[in-house]
Every structure is written in C-alpha cells, then in structure tokens.
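Then let us walk through it together, one part at a time.

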Amino acid sequence: MRAAHWGVIAGLIAAVWASFAYLALDLVQLLSPEAQVQMWKYVVSFFPPDVSADYLRRVGQGTLETIAISAVGTALAAVLGLLLALPAAGRFGAVPRAIARLVLNFLRSIPELVWAALMVIAAGLGPFAGTLALAWHTTGVTGRLFAETLENTPSEPASALRLAGSPASLAFLYGTMPNVVPQLIAYTLYRWEINIRMAAILGVVGAGGLGQMLYFSLSLFQQPQAMTVIIAMLILVVIVDGASAWLRKRLAG
Amino acid sequence: MNPALRLRDPAAAPRLLLTVCVIVLLWPGFSLTEFDPASLFEERSRATIVKFVGTFFPLETSREFLGLVLKSTFETLAIATAGMAFAILIGWPLALVVTRSLSISRIGPGPGRVAGHSVRVPARFALMFFRSIPEVVWALLFVRAVGLGPAAGVLAIGVTYGGMLGKVYSEILESNDTRPVTALLETGGGRIAAFCYGMWPVALPELVSYSVYRWECAVRASVIMGFVGAGGLGQQMELSMRMLNGGEVSTILLTFLLLVVMADAVSALLRKVTS
C-alpha cells in the first residue's frame, strides 16, 4: 500500500510537470516585473466602477433579463422534463423507455454553454437563445430526476384507483402525482438556483443577460462598465446563495 | 353514489391558485427573454439551421483534423492539471489561515488576537471573491490580460478553484475530530506542527478525494472556457462553430463526451487507490 501511495505521488508530480511542459507556460515571463506592471495597470483600469444612474439602470435591466432567462428556461425544462420522464420511467414499455433515456442523456451531456453557442446560431443573438440553451440542458437533468422519482414512488394508490375502475390517466393524476409533486417542485427550484448562476455567464457567447453586457464592455475596453457588471453578478450570486441556504434551513427545520 | 360528490376534488382550488400565481410571475419573463419560437421557423434562420445540422453527419475524420483534435484534447487535460496545481498553491495556504481550529488566539486572551483577526478576515474575503466570480468570467478577464491561449485558462482555473478548494479544505479540516490539534496547540505546539501531526493524518483521504473530484470538474470547465479563447478543445469547437462546419463540431462534441467519461473513470480509480 505504501508503495502504491508513492507511485501515485510520483505520478501526480510527473503529470503536473508534463502539463506545464506541454503548454509551454513561461512562468518567468508571466511573473516578470514588466508583466506585473502591465497586470497592475489592467487591474487599476477597472476602478472606479461606472455608477452613473443611466448605466446602473441598464445593469438592472440586464439582471432582470438574467433572472427571466433562468426562470423561463427552468419552467420550460420542468414541463419538457415531465413529458420525457413518463416514458423514461417505463410507463409506456421498454422501447420508449430506452429511447427517452437516450434523449435525456444526450440533452444532459452537452454543457449549457455549448447549447448556447448552438442556439445563438439557430435563434440569433439575444436572451431567447440563452433561454433555449438552459431549457435543453435542464430538460436532460430534470427528466432524469423526475423519472427516478416516478420509479421510486409507491404504486399502491394508483393501483387501488385502477382496481376501483378509474382510467389510467386519472389514476396517475390522483394516485401518483400527489405523492411526487413536492419532490418535483424541490428538484425544479434546485435547478433554478443553478440556472440563475448559469444565465449570468451564458451571455459571453451572445445569449443575453449580464454575460453579454460584460462581453461587450470588455471588448470595447470599457473596464469601469465591466466592473459594474461583475459587481452585479457577485451580488446576484451572493443573494441566491443566501436565499437558498435560508430557505433550506427553514424547510428542513 | 351522489354524482356531485363523486367529482369533488378538495385540492383543486389551491392547486389552481398556485398554477395561476406561477404563470402570472413567469409572464413578464416571456417578454423579457424575447420569447419567440416562431423565429426559429422563419425562412432565413431555418435555412441556416438545416444547412448547419445537415453537415453534422458524417463526422469529420480527416487525418489532419483528428491530429488537431488530439492536440487540443491534450491541451485541455494539461490546462486542467496545471490549473489544479495553481489552485492547490492558492487554496491550501488560505485554508490553513481560515481554519478556526488552527487559531492560537482562539485558545484564550493574548497578544495575537488582533493580528490573527486582521489576517483571517481578508483571507476569508479573498476566498469568497475568488470563487464567487464564475470561471468563465475569470477566463474572459485573463484572456484580455495575458492574451489568447492556455495560460488564461490555467490562471482562471487556478483562481476560481483556489477559492473553492480553500473553503472546502478548511471545512473538511473542521469537520474531522479537532481534539488532537487542540491538545497540541494548548500544550505549546506550533500551528504547522499541530496541523501536520493533529489534522493531516485524519483528513488526508478526504482532502485527496475532493481534490481529485475537482480535477474532474476542471477538465469540463477548461473545455467550456475555451469558448472565450482560453485554449484547448473549447477554442477548437468555437472556431468550427463560427465556420458553421457541422462535421467538425460533432467530432469535437464526441471527443468531449469521451474525455468526460474518461476523466470520470480516472478520478474514480484515483479515489479508490488513495482511500
């Protein structure tokens, strides 16, 4: 076991060394005095942030847009996810189950930012592309979570309704849904939290919201404006973190 | 049975109310996001999509392009690994600074209290600042500062993951049994010695397994950061998308999926060996 540990350590050191060598990272140049002066100048150019009323209003607009992208994207994904979760949970037999799972895996394994870049091509620059991108990826996630919830829920209530003569759709709505809805809502809210953070950065490929403002201002070398957007992102992230921690504590206790 | 009684649903009203509330809240969102599915089916954009998606198959498999993809894949792995090395260099010392159990001034009133506080609070703030700005934003900033290429990716991962590692390392150290380290400090041991003999032996497996998991995340993140010009597979994908070359995009996507699966397997193996 000892030898294995030393082997792992030697392997890790070799991997790190190889990485630096492969990238040909010139650390000396990166940390040279001139580079440091350059870096410092760049950092200083971000201050003070632009807090003119006009720009703050635009940043506020961008923040609202970011929240709207995340909310609509998540809502779409919840609906689509539920529609795909029904076959994925095996409600319609083995073949639809396999197909639905394949679709969900595909949607989920492509990251949001890649979806966003694709959707910008399909729907043009702007928040609609970001909404669609979040919706596709999140559908893959919620679909799988919903399917697992449906599979794990007790089948007795629905069976009782079926045995008493109700049609399958009503047995599902009144026998299965009341058991799973709280879990579905919890999963949806959890993904919404993640998606707010994601929506803030999707804009760097042109999909609207705060990210797009940041990308524009950095491209135009307007560092003070960029700083304002970064501060807005920070505030958004901190508020979402705080709110979710507070809610979790309240709901758990 | 009375038919009116049979159809009564006691939960219908609240359920309806909740649904209406959600729809009313979401309504302005649809206009804010310029929600317009019809725009997807307009003649012009539909032509672009059909043309682009049509070129997704067959995959681009020319020898030259595969060589390029292989090179970018290695670059992505190298960015993740070098970035993690940086992140550990940043996160590790900060974790030791912010861990409360390693504080000597905590033991009782003494001269170090103000000094300890004046180091610990900024360190905590720095960790929060590093990890609260998303890695893509850091990458965007570093691309402007050090130029296009892998250096920006390495620095971005180093900073963001440094902030995360620092916080989680210190949480891991606190969550283990802190009595040995307290005993060492109270009998006059130095901080470093107390850490080495009181914390390190217990916490090591957990620290290693979290770091390995983060490396796996770094592989995914470095692909994504490529989209803003930070090198690796992502930059290659961005180039192919910009040229609307579907065959190349699908080859790179497939490579990305394989890379993620592989990083998953390597990280599982490493965690098994070290635990």
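At which residue does H7(B) bend, and by about how many degrees? The bend in H7(B) is about 25 degrees, and it sits at Tyr161(B). Please keep in mind as you read that this is a predicted model.

Helix H7 of chain B covers residues 150–175. At 1.5 Å a residue, its 26 residues should span 38 Å, and the end C-alpha atoms are 36 Å apart, which agrees. Is H7(B) largely enclosed or open? Of its 26 residues, 20 are buried, so H7(B) is largely enclosed by the rest of the structure.

Now try helix H3 of chain B, residues 43–54. The same kind of check works here: twelve residues at 1.5 Å each should span 16 Å, and the C-alpha atoms at the ends are 16 Å apart, in agreement.

Ala12(B) belongs to helix H2 of chain B, which runs over residues 12–32. Is Ala12(B) buried or exposed? Ala12(B) has 9 C-beta neighbours inside 10 Å, and because a residue counts as exposed with 12 or fewer, Ala12(B) is exposed. From Ala12(B) to Thr187(B) there are 175 residues in sequence and 67 Å in space, C-alpha to C-alpha.

| Property | Chain A | Chain B |
|---|---|---|
| Box of C-alpha atoms, along the principal axes | roughly 80 × 65 × 45 Å | roughly 80 × 75 × 35 Å |
| Buried residues | 38% of 253 residues | 39% of 275 residues |

How spread out is chain B? Read along the sequence, chain B follows the pattern α-α-α-α-α-α-α-α-α-α-α. Its radius of gyration is 26 Å, well over the 19 Å that the globule rule gives for 275 residues, so chain B is more spread out than a compact globule. For chain A, the radius of gyration is 24 Å, while a compact globule of 253 residues would have one near 18 Å.

**Where the chains meet**

How many residues of chain A are in contact with chain B? There are 45 of them, and they are in contact with 43 residues of chain B. Several helices of chain A each supply at least two residues of this side, among them H4 (53–88), H7 (127–152) and H9 (168–202). The helix that gives the most is H1(A), with eight residues. By class, the side of chain A that touches chain B has 38 nonpolar, five polar and two charged residues.

**The nonpolar core**

Which residues touch the most other members of the largest nonpolar core? They are Ala116(A) and Ala139(B), in a core of 122 residues. Helix H4 of chain B, residues 63–98, provides the largest share of this core, 15 residues. Leaving aside residues up to four places away in sequence, Ala139(B) touches Ala152(B), Gly153(B), Ala156(B), Met225(B), Val228(B) and Ala230(B).

Conventions:
Residues are numbered from 1 along each chain as its sequence is written. Chains are lettered from A and ligands numbered from 1 in the order in which they are written. This is a predicted model: local features need pLDDT of at least 70, side-chain atom pairs count only at pLDDT 80 or more; totals for chains, interfaces and linings use all residues. Helices (H or I, at least four residues) and strands (E, at least two) are DSSP runs, numbered from the N terminus. The expected span of a helix is 1.5 Å times one less than its number of residues. Two residues are in contact if their C-beta atoms, placed from the backbone, lie within 7 Å. Ala, Val, Leu, Ile, Met, Phe, Trp, Tyr, Cys and Pro count as nonpolar, Asp, Glu, Lys and Arg as charged, and the others, Gly among them, as polar. The radius of gyration is taken over C-alpha atoms; the globule rule is 2.2 Å times the number of residues to the power 0.38. A nonpolar core is a set of buried Ala, Val, Leu, Ile, Met, Phe, Trp, Tyr and Cys residues joined through C-beta atoms within 7 Å. The bend at a residue is the angle between axes fitted to the seven residues ending there and the seven starting there.
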